[in-house]
There are 6 protein chains.
Amino acid sequence: MRLSPANNRMMRQSHEMEFFFGGTELNVAASLATMDCEVTHVSAVSDDFVGESALSAIRSYGIDATHIAKNKHPLGLYFLEVGSSVRASRIAYNRLNGSFANINPDMIDWEKILQGAEYFHWTGITPGISENAYLALKKGLQTANEKGIEITVDPAYRSNLWKYGKEGFEVLKELISYSTILIGGVNEINEIIGTEFASDKESFIAASKEFQKQMPSVKKIFDKVRIGTSASSQTTQGRGWIQGTYFESESIEILQVVDRIGTGDAFAAGLIYGLLNFDDEKALKFGNAACAIKHTVSGDINLCSASDILDVLNGDKGGRIKR
Amino acid sequence: MRLSPANNRMMRQSHEMEFFFGGTELNVAASLATMDCEVTHVSAVSDDFVGESALSAIRSYGIDATHIAKNKHPLGLYFLEVGSSVRASRIAYNRLNGSFANINPDMIDWEKILQGAEYFHWTGITPGISENAYLALKKGLQTANEKGIEITVDPAYRSNLWKYGKEGFEVLKELISYSTILIGGVNEINEIIGTEFASDKESFIAASKEFQKQMPSVKKIFDKVRIGTSASSQTTQGRGWIQGTYFESESIEILQVVDRIGTGDAFAAGLIYGLLNFDDEKALKFGNAACAIKHTVSGDINLCSASDILDVLNGDKGGRIKR
Amino acid sequence: MRLSPANNRMMRQSHEMEFFFGGTELNVAASLATMDCEVTHVSAVSDDFVGESALSAIRSYGIDATHIAKNKHPLGLYFLEVGSSVRASRIAYNRLNGSFANINPDMIDWEKILQGAEYFHWTGITPGISENAYLALKKGLQTANEKGIEITVDPAYRSNLWKYGKEGFEVLKELISYSTILIGGVNEINEIIGTEFASDKESFIAASKEFQKQMPSVKKIFDKVRIGTSASSQTTQGRGWIQGTYFESESIEILQVVDRIGTGDAFAAGLIYGLLNFDDEKALKFGNAACAIKHTVSGDINLCSASDILDVLNGDKGGRIKR
Amino acid sequence: MRLSPANNRMMRQSHEMEFFFGGTELNVAASLATMDCEVTHVSAVSDDFVGESALSAIRSYGIDATHIAKNKHPLGLYFLEVGSSVRASRIAYNRLNGSFANINPDMIDWEKILQGAEYFHWTGITPGISENAYLALKKGLQTANEKGIEITVDPAYRSNLWKYGKEGFEVLKELISYSTILIGGVNEINEIIGTEFASDKESFIAASKEFQKQMPSVKKIFDKVRIGTSASSQTTQGRGWIQGTYFESESIEILQVVDRIGTGDAFAAGLIYGLLNFDDEKALKFGNAACAIKHTVSGDINLCSASDILDVLNGDKGGRIKR
Amino acid sequence: MRLSPANNRMMRQSHEMEFFFGGTELNVAASLATMDCEVTHVSAVSDDFVGESALSAIRSYGIDATHIAKNKHPLGLYFLEVGSSVRASRIAYNRLNGSFANINPDMIDWEKILQGAEYFHWTGITPGISENAYLALKKGLQTANEKGIEITVDPAYRSNLWKYGKEGFEVLKELISYSTILIGGVNEINEIIGTEFASDKESFIAASKEFQKQMPSVKKIFDKVRIGTSASSQTTQGRGWIQGTYFESESIEILQVVDRIGTGDAFAAGLIYGLLNFDDEKALKFGNAACAIKHTVSGDINLCSASDILDVLNGDKGGRIKR
Amino acid sequence: MRLSPANNRMMRQSHEMEFFFGGTELNVAASLATMDCEVTHVSAVSDDFVGESALSAIRSYGIDATHIAKNKHPLGLYFLEVGSSVRASRIAYNRLNGSFANINPDMIDWEKILQGAEYFHWTGITPGISENAYLALKKGLQTANEKGIEITVDPAYRSNLWKYGKEGFEVLKELISYSTILIGGVNEINEIIGTEFASDKESFIAASKEFQKQMPSVKKIFDKVRIGTSASSQTTQGRGWIQGTYFESESIEILQVVDRIGTGDAFAAGLIYGLLNFDDEKALKFGNAACAIKHTVSGDINLCSASDILDVLNGDKGGRIKR
């Protein structure tokens with residue numbers, strides 16, 4: 001759950017906050033559901049009216065919410081103060097003791113959930129939150145692996161997590177060993193395997209090569225490069241590397257960023273949708289277009305349809321009104 | 001009536017909507033009234049509190065609203081989801097069975113209404129909505145024509161209208177034959193007389209020539225060219241063609257578009273104001289400046305005074321505060 | 001869809017409106033889903049972002065929305081100006097040409113929808129809106145009847161409907177002949193079978209007797225009696241009549257009415273829930289408590305859980321905070 | 001202009017305020033215009049966008065605003081903190097140096113304004129604000145008197161006015177000597193002629209007698225008696241005294257007061273409307289019903305139609321929805 | 001920090017929440033500061049923009065905030081869904097792992113803080129939250145006790161606290177042994193010393209007697225009795241018992257409750273203010289009036305001045321506007 | 001106090017306004033307090049709930065508000081209509097008869113206030129408002145001067161002030177003769193000493209030289225140069241001149257201006273903070289960075305911390321989220 005003062009105000013100037021339900025994996029799930037994919041979200045919410053509201057929102061996207069548990073811990077949340085131009089946005093978290101951190105790994109029937117699934121998506125936030133979350137995820141990954149499901153991972157390494165006694169990069173390495181597609185680039189690779197590659201295109205290729213050597217289960221690597229010129233102006237580009245072949249999408253510039261949170265998740269969702277519907281290169285382009293259009297949508301979640309994203313992919317960026 | 005989710009949200013993320021009363025002819029009327037012209041608006045609203053609210057808004061601009069009828073049909077409306085940057089705005093209409101579509105042509109006393117009028121403005125939306133609206137307009141045009149009133153027309157051809165059994169381009173041709181000033185350019189000319197001119201300056205000149213040949217009542221042609229680089233950034237320029245003479249205004253760039261709806265109507269109103277007060281070329285420039293400043297005003301209607309528009313026309317675009 | 005000016009303002013004083021998605025049958029469906037019943041809603045929405053928002057809201061309640069069609073007509077809506085104390089609320093409708101009025105009866109697979117259903121609920125609004133809606137409903141009733149499903153009807157006779165050439169009371173009589181439970185009282189009975197009973201308890205009993213004689217398929221009659229002392233203060237009581245036996249619930253007073261719309265639907269939903277879970281008399285009491293608590297909930301829909309309603313039924317009305 | 005924190009908040013808890021344009025005479029004018037009377041309002045507003053907004057609002061009621069002057073002084077305003085139950089509302093004024101206080105008496109063409117007028121309404125606020133306002137009003141009263149127009153006066157004596165060197169009661173006596181109808185009761189009479197009558201019915205009769213003796217131009221006296229049990233609950237009743245005859249209206253109770261400001265002006269407007277359309281006794285009842293229904297309307301102005309008020313007068317206070 | 005959906009909505013119907021900073025002890029502190037007492041608040045907030053906002057709010061009341069620590073834990077908060085009439089309000093807490101629960105007892109310089117203090121106020125919430133909070137409070141009580149400061153206690157026993165391994169009633173007994181004034185009645189006494197007194201007046205007297213026998217440091221007992229007829233209507237009355245003498249205040253009825261949270265704290269603050277300024281009986285009456293008027297103020301905190309409260313105490317409850 | 005229609009609306013389109021408490025000197029004070037400086041603000045507010053709200057806001061910044069007087073005049077205020085792109089913002093003032101204009105110079109104990117102060121900041125707005133304000137300021141300047149306190153002045157010459165019979169430039173000259181640091185550039189110098197320097201860098205140097213010759217008490221001159229390309233896009237740069245040495249900061253571009261009001265005050269506060277903590281050149285850079293970041297903050301006051309400003313100074317302008 002995200003809470004932010006309305007109208008770009010700073011929190012101390014405000015008496016009201018907007019809220020949205022989101023979270024990196026939910027963002028991916030909701031975006032895929034909006035594009036008419038069948039999606040199941042596995043999580044835990046608080047057993048009170050806050051959790052009920054979260055379920056209501058999750059159901060509204062058309063996601064199967066029947067595998068979301070309820071427990072007596074408060075719903076995790078964060079406060080976001082939206083920046084603008086030269087002022088950065090700020091986030092204050094309150095999630096390490098929440099309902100998701102206290103998810104019960106034994107309550108999740110992965111066999112049933114993964115019946116017929118084609119893709120399993122996870123991020124590095126989940127194992128960073130708590131040991132319970134780590135164990136729940138690991139069991140899911142093992143089951144998915146056995147079933148031969150494609151497993152996409154967005155490592156999303158965050159140093160302000162990992163408070164329960166495990167080293168982030170070690171856990172990530174263990175869990176990535178079940179995964180088949182990396183959604184990440186030089187930064188993530190450096191953090192996980194301890195390399196020090198630069199951020200240019202050549203380094204991305206070298207890093208991908210090295211990563212695949214060390215993590216041989218990963219067959220494909222896709223990354224979005226964000227060039228932020230200010231809190232309200234961004235450029236995005238996608239890069240891909242598959243078994244030695246490099247390709248990239250065009251750059252897309254977004255002049256008036258409405259909401260930057262969740263743009264990485266929009267990329268992940270767009271990419272997965274693309275992999276399900278197009279070839280690898282078009283999937284990357286679709287992911288990049290999804291990432292770009294998300295910058296114009298309030299909240300954590302990309303609510304644009306596949307057809308809206310294709311319009312951007314096809315260069316229809318001039319603001320014509322759709323009547 | 002226009003309804004749109006507040007704060008650039010998508011509709012499904014919202015529980016609240018802003019509303020404005022507008023509509024292409026009303027927008028022109030209200031802008032002219034705001035510039036202290038005497039204006040009468042002829043229309044029909046619903047005989048309920050929604051229609052009463054519309055009348056209240058119309059009166060607030062200083063428009064003579066005494067010739068607006070009331071009937072038992074709901075007020076026509078549309079929903080607008082405001083886009084941003086690479087995400088286009090979207091419109092969903094609900095007007096084909098509304099109070100205006102059911103206007104009673106026999107209830108309008110055009111003789112009285114047009115007493116002393118200098119200009120009569122109409123758009124192609126009106127005859128596209130219903131046969132009743134078409135008949136009401138036609139009667140008005142005939143009366144105005146007899147009285148020698150200048151008649152301005154914005155063809156505004158929309159393919160999602162014209163559902164009542166007549167071909168749009170034929171009706172428009174018939175009604176334009178009463179008119180003296182065309183507010184439109186290559187697109188409109190192509191749609192009406194079935195030509196295929198390109199959008200460059202030379203084509204505009206050629207198209208104007210051809211149009212005047214086919215529609216000899218039209219003595220002057222004025223157009224605004226919009227170059228949209230994104231839903232939130234636009235450039236506008238005015239073009240004019242009068243009896244063989246071409247002229248144009250400077251381009252004006254608007255970096256942060258607040259509201260794009262009604263910018264064409266702001267051009268029309270500015271142009272008419274200009275024709276009443278300046279020479280043709282300055283009228284075009286004034287129309288273009290009006291169009292530009294409308295991009296910064298919420299709602300369908302340009303609420304800027306003539307003096308504000310002159311400031312833009314004179315190059316005062318630096319954002320100095322007027323104390 | 002309902003649109004109403006925020007903060008009890010009159011529409012002409014307002015620039016913003018709240019909106020909710022509702023409608024008599026949807027209200028019953030959503031309330032039942034909120035009480036954890038499995039519910040399928042059959043309807044049609046517009047094929048645009050407004051309809052998509054409606055679907056999103058419907059899914060959020062946990063309703064099965066897969067049998068809701070989309071078509072090219074605008075979503076039906078109404079405007080509500082909320083009254084207070086001695087000022088009555090006002091409604092202006094815009095629904096007779098909407099997506100639901102244009103529902104295609106042939107597109108509904110009633111066999112599949114009604115598989116395993118226990119209850120089928122309909123109201124007199126549906127056949128009053130259009131012939132298509134009437135035909136769609138009739139087919140559903142016939143199928144449900146064949147399957148031996150309990151059919152509840154809220155006649156909700158409204159004189160401002162029935163514009164398509166059929167007499168309301170005749171259609172209602174025809175459709176009620178498939179139904180087994182009447183949710184309505186003296187007013188409804190008088191309107192349908194043309195009697196003139198008074199509103200007291202004895203008349204209710206006599207009317208019920210007469211109604212059952214004429215409409216023998218109806219085995220049970222349940223009614224709520226509302227005593228409105230002002231737009232912001234109400235008292236509700238339930239009455240039941242089953243095969244000659246009369247019973248009633250206690251009265252519940254609501255001093256500060258938040259929202260009166262949908263209280264009848266809350267009664268219907270509570271009653272159906274009660275019939276599924278309790279005996280007839282407790283079902284009536286539960287329906288009355290549901291009706292009472294709905295007066296405190298914004299929007300058309302009763303979002304209170306069965307447990308909240310049971311608290312009211314058990315007399316817990318003192319406003320203790322639930323921590 | 002009135003500014004008040006939204007949602008019943010205290011000002012120090014708030015970052016946003018609602019605003020309404022009002023003022024005792026404008027309230028009467030707007031209410032009469034809403035009831036379809038022809039009304040001209042004479043005043044002065046600031047020559048800036050604030051004054052322009054006020055004019056826009058005034059025109060929206062259908063009032064003739066062409067006799068409202070503009071000057072270089074800021075628009076007068078007040079802050080209102082809305083109370084509730086045992087907490088009283090609070091007002092802070094900022095009007096003694098505003099545009100109306102600086103109205104130029106010589107700019108008002110009373111001859112033209114009063115052409116064909118039937119009623120002239122004034123209150124004691126106007127001459128209390130400044131000498132200019134006093135002089136402007138006096139000239140108007142003299143002109144109206146000469147023309148034989150009925151002159152209604154609401155003395156509205158306020159001790160926090162009268163800062164420009166004149167005694168309130170003396171000025172009021174002078175101006176009332178031109179007036180024919182007093183809208184006021186025991187309190188006002190005591191303040192003006194220095195008596196000490198109590199507030200019961202008999203005292204009202206005695207006071208009216210004495211007042212008429214001293215102010216013989218006044219032929220009719222109408223008063224509303226407010227019994228406030230709390231900031232959110234009120235009872236109103238009308239009393240009348242005409243040439244020795246006493247009559248009264250029924251009492252009306254308003255349980256949930258939405259806005260108490262302007263209820264006296266609603267009474268005055270209702271009374272004048274009544275005097276124009278009914279006999280004296282029904283006029284009083286109509287005024288009282290208008291006063292009652294105003295308690296349910298936000299802002300200073302009674303926006304209810306004559307037909308809404310007649311519903312209350314006829315006892316329709318049960319909150320039935322008007323569909 | 002309290003977060004609640006605006007406009008009485010349920011959380012799942014809302015996209016926006018109002019927030020207030022409060023908490024039982026802060027509520028008392030802020031109310032006393034509003035009445036111009038010198039107050040120091042001892043607490044801990046999060047070291048981020050949320051905590052900074054809390055400090056900003058606390059300073060705005062005129063409270064000395066220099067003894068409020070910052071730490072790396074999120075600010076405790078709760079969600080409030082405001083009920084109405086027969087629907088109860090609901091609260092969901094998130095505070096057991098927050099910044100206050102992690103307060104460092106060794107960082108508080110009680111000697112310095114209590115220099116010159118006359119009253120020390122604490123509630124049973126504090127020791128129920130965490131062992132750290134308990135230890136910090138205990139140290140403060142010991143210091144205050146040594147200095148001979150009056151110590152008021154509101155036991156506020158809540159069964160959903162006390163999760164850290166201590167029994168609530170034992171800790172409360174220990175800490176009350178330092179205190180001199182009990183703010184509480186039969187319920188609190190029963191919970192603390194394990195008795196089973198009823199709630200009538202005689203039982204209150206008997207309970208007070210017994211309590212004082214067991215807890216001899218307590219010299220005075222003050223209680224407010226709340227009679228809730230619904231979530232939006234309440235009656236309050238104060239009771240006192242001092243060394244064998246019983247006294248009580250009048251009852252005050254509040255018909256339209258705006259906000260019930262913090263009314264007990266308003267009573268405590270009013271009582272302390274009263275004890276500082278009046279005799280015991282008037283102090284009780286002042287506390288009761290403060291409690292009553294708080295029901296009309298949004299948020300947790302009573303922002304009314306001492307003079308506003310005296311108006312209620314003196315019977316001025318009729319809603320007269322204070323101009 | 002500043003009042004502005006929400007959401008960039010024009011005032012006549014709006015029913016709600018946001019408000020902020022600000023004013024040039026308060027803005028500087030609040031920004032310094034936000035950067036953890038000890039600040040005392042000397043002013044006067046109205047003795048009503050509006051003034052109380054202002055005090056509450058002032059205290060919330062951590063400013064010592066104990067030397068702010070209360071009087072019976074309304075709080076000064078202004079209306080702001082926020083422009084965008086080519087539409088300029090507009091301001092309408094209402095402050096010449098307010099509480100600050102009526103400040104009582106004899107009530108200010110400058111000796112006590114200035115005890116231990118390092119800097120005294122004033123602007124030309126104060127002496128322009130009223131003779132009382134001028135006298136109060138003059139006494140303060142004399143006291144500060146005697147104590148050897150650094151005195152910074154922002155001349156802020158406004159032609160719409162100075163209505164009480166004194167010439168602005170003469171008063172400013174008199175008061176600047178007590179001051180040691182000028183915050184202003186060519187425009188201000190030209191207005192005060194009647195020169196006609198151009199705005200380029202060389203002219204700034206020449207003007208500074210001339211100014212110092214005429215006003216020898218001023219030892220340092222700092223200016224920010226604003227280049228506005230539109231109401232929503234600005235570039236700022238700082239210039240300094242100290243005893244013959246010129247230096248300048250880099251330019252900072254702000255693409256999406258949130259709020260332009262108070263950016264000069266943010267520069268002044270940043271500069272003073274810089275002078276207290278860094279050398280002159282870094283102070284200028286810090287002031288410029290403070291000015292730049294203020295363009296992204298709603299309201300008159302720069303609420304960014306010193307550390308946020310240092311981030312901008314160090315080039316961290318890419319909109320990275322601070323987690």
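Student: How many salt bridges does the rule find across the interface of chain D and chain E?

Tutor: The rule finds 1 there. Keep in mind that this is a predicted model.

Student: What makes the meeting of Glu18(E) and Arg9(D) a salt bridge?

Tutor: Look at the distance. The side chains of Glu18(E) and Arg9(D) come to 2.9 Å, N to O. The cut-off is 4 Å, between a side-chain nitrogen of Lys or Arg and a carboxyl oxygen of Asp or Glu.

Student: How many residue pairs are in polar contact between chain D and chain E?

Tutor: The count is 6, with both residues at pLDDT 80 or more. Two elements of chain D give two or more residues to the side touching chain E: strand 6 (90–94) and strand 10 (220–230). By class, that side has 9 nonpolar, 13 polar and 6 charged residues.

Student: What area is buried between chain D and chain E?

Tutor: About 2,300 Å², with 51% from carbon and sulfur atoms. In chain D, Arg9(D), Arg12(D) and Val86(D) lose the most area to chain E. Together they make 27% of what that side buries.

Student: Why give an area for an interface?

Tutor: The accessible area lost when the parts come together is often used to give an interface's size.

Student: What do chain A and chain E bury between them?

Tutor: About 2,600 Å², 67% of it on carbon and sulfur atoms. Arg12(A), Phe19(A) and Phe49(A) supply 27% of the area that chain A buries against chain E, more than any other three residues.

Student: How many salt bridges does the rule find across the interface of chain A and chain E?

Tutor: It finds 0. There are 5 residue pairs in polar contact between chain A and chain E, both residues at pLDDT 80 or more. Helix 2 of chain A gives the most to the side of chain A that touches chain E, with 6 residues. By class, that side has 17 nonpolar, 6 polar and 8 charged residues.

Student: Now a helix. Which residues of helix 11 of chain B are buried?

Tutor: In helix 11 (residues 306–313), they are Ala306(B), Asp308(B), Ile309(B), Val312(B) and Leu313(B). Each is under 20% relative accessible area, so each is called buried.

Student: Why say that the buried residues of helix 11 of chain B line one face?

Tutor: Look down the axis. The buried residues fall within an arc of 160 degrees, so they line one face of the helix.

Student: What do the buried residues of helix 11 of chain B pack against?

Tutor: Strand 13 (252–254), helix 9 (263–277) and helix 10 (280–294) of chain B, together with strand 6 (90–94) of chain F.

Notes
Residues numbered from 1 in each chain as written. Chains lettered and ligands numbered in written order. Predicted model: local features only at pLDDT ≥ 70, side-chain atom pairs only at ≥ 80, totals over all residues. Heavy atoms only, no water. Buried < 20%, exposed > 50% of the residue type's maximum accessible area, 1.4 Å probe, protein only. Helix = DSSP H or I, 4+ residues; strand = E, 2+ residues; numbered from the N terminus. Arc of directions from axis to C-beta. Contact = heavy atoms within 4.5 Å. Buried area = accessible area lost by both parts, 1.4 Å probe. Polar contact = N/O pair within 3.5 Å; in protein donor to acceptor, adjacent residues only side chain to side chain. Nonpolar A, V, L, I, M, F, W, Y, C, P; charged D, E, K, R; others polar.
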